[in-house]
Amino acid sequence: MNTHDTHARARLRSLGYEPGVDPTCTRLPTATRLWLEWNDISGRRRNVLRANTWNLPGEPVHHLDEVLDRSGYAQDVKSLECDAYLSQLAALAKTDELACRIVVQRILPGIIAVAIRRGRIVDGGAPQALDDMVSAAWVVIRNYPIDRRPHCVAANMLRDIEYLAFVRDTRSKRHRTEMPSDNTTILSIGTSFNSRSGSTAFGVLVAPESNDPTADEAEFGCIMETLRERGLKPIDEVAIREMLTDLQSPDSARLAGISPRALRDRRHTAISRARELLGVEVSA
């Protein structure tokens, strides 16, 4: 068994997964999905070639597991060399999706450990805690201030993720129904957030009768700027923008590395906060 097989197989086995087993039946379904996805993407030639364009320290890699190893996966946590490598990778992750995905996988064991600990006090247990943490991880990694905190990157990210997922906000009561996202009003503020075929990747803010996508997108930008000024959190902005794409929610959940239920919770929370910040009253 070669190195890249060992990482995925060992982790999947520890989660109760074997070929033919439904990932949702494993101990931590989100972790299982992430490791299965990693097993698929980490050896793809185009991804390996892309990683080798980043000019990270060391010889060219032949598999993305080598990037994990060099950034400290299953290594001595005090390794300055690994920390420096992860620091460079984290800088790339702010703008590079593949680099961000690698950082998620690099710190996934730590995320799982925190989720198991937090699961004792979180409704839904460790699986729900893991969903919350993975969702927060993307926001933290994309916005991590690497210039100010270039050392102990993995530990710092884990602390930031735990804080964002469980500490910073008082969790509102979770809702369990899907919010509309395709060709329907998502956020009622006098005009409506819609997703339409042919819209931009982030979607546009449109009135029901609008036929001017350029003006609509400009108005959407103004609304989002107002929300940011009034304290909209990055994780909520990500959720709102993601809702306005033309992706179906299961696909969005898969890309985010979280469960559909966690995606629905994140959308409801984002909408509720945006309405509150804008002073919108929603009739029963």
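Q: Which residues of H12 do Gln128, Asp131 and Ser135 in H7 meet?
A: This is a predicted model, in which local features need pLDDT of at least 70, side-chain atom pairs count only at pLDDT 80 or more, and totals for chains, interfaces and linings use all residues. Residues are numbered from 1 along each chain as its sequence is written, and side-chain values use heavy atoms, leaving out hydrogens and water. Helices here are DSSP runs of H or I with at least four residues, and strands are runs of E with at least two, numbered from the N terminus. Taking contact as heavy atoms within 4.5 Å, the H12 partners are Arg261, Ala262, Asp265 and Arg266.

Q: How many charged residues does the contact of H7 with H12 have?
A: Let's sort the residues by class: Ala, Val, Leu, Ile, Met, Phe, Trp, Tyr, Cys and Pro count as nonpolar, Asp, Glu, Lys and Arg as charged, and the others, Gly among them, as polar. The contact of H7 with H12 includes one nonpolar and two polar residues. The charged ones number four.

Q: At what angle do the axes of H7 and H12 cross?
A: Axes are lines fitted to C-alpha atoms, for helices over the stretch in contact, and angles run from 0 to 180 degrees between N-to-C directions. The axes of H7 (residues 125-143) and H12 come within 10 Å. Their crossing angle is roughly 60°.

Q: Why are H5 and H6 called oblique to each other?
A: Angles under 35 degrees count as roughly parallel, over 145 as roughly antiparallel, 65 to 115 as roughly perpendicular, and the rest as oblique. The axes of H5 (residues 80-93) and H6 (residues 97-118) come within 7 Å and cross at roughly 135°. H5 and H6 are therefore oblique.

Q: Which residues of H6 make the contact with H5?
A: On the H5 side, the contact is made by Leu86, Leu89, Ala90, Leu92 and Ala93. By class, the whole contact has nine nonpolar, no polar and one charged residues. The H6 side consists of Ala99, Cys100, Ile102, Val103 and Arg106.

Q: How many residues apart in sequence are the parts tied together by Glu37 and Arg101?
A: Their side chains meet in a salt bridge (a side-chain nitrogen of Lys or Arg within 4 Å of a carboxyl oxygen of Asp or Glu), with N to O at 2.6 Å. Glu37 lies in H2 (residues 29-41) and Arg101 in H6, so the pair ties together parts whose separation is 64 residues.

Q: Is Arg101 buried or exposed?
A: Buried means under 20% relative accessible area, exposed over 50%, and partly exposed in between, using a 1.4 Å probe and protein chains only. Arg101 has a relative accessible area of 6%, so Arg101 is buried.

Q: Which residue forms a salt bridge with Asp96?
A: The closest N and O atoms of this pair are 3.0 Å apart. Asp96 sits in the loop between H5 and H6, and its partner in H3 (residues 45-51), 46 residues apart.

Q: Which residue does the side chain of Arg273 meet in a salt bridge?
A: The N to O distance in this pair is 2.9 Å. Arg273 lies in H12 (residues 260-278) and the partner in H10 (residues 234-243), so the pair ties together parts 37 residues apart in sequence. Both are buried, and the partner is Asp236.

Q: How many salt bridges does a search of the whole structure find?
A: Arg117, Arg118 and Glu162 are linked in a network of salt bridges. Over the whole structure, the search finds nine.
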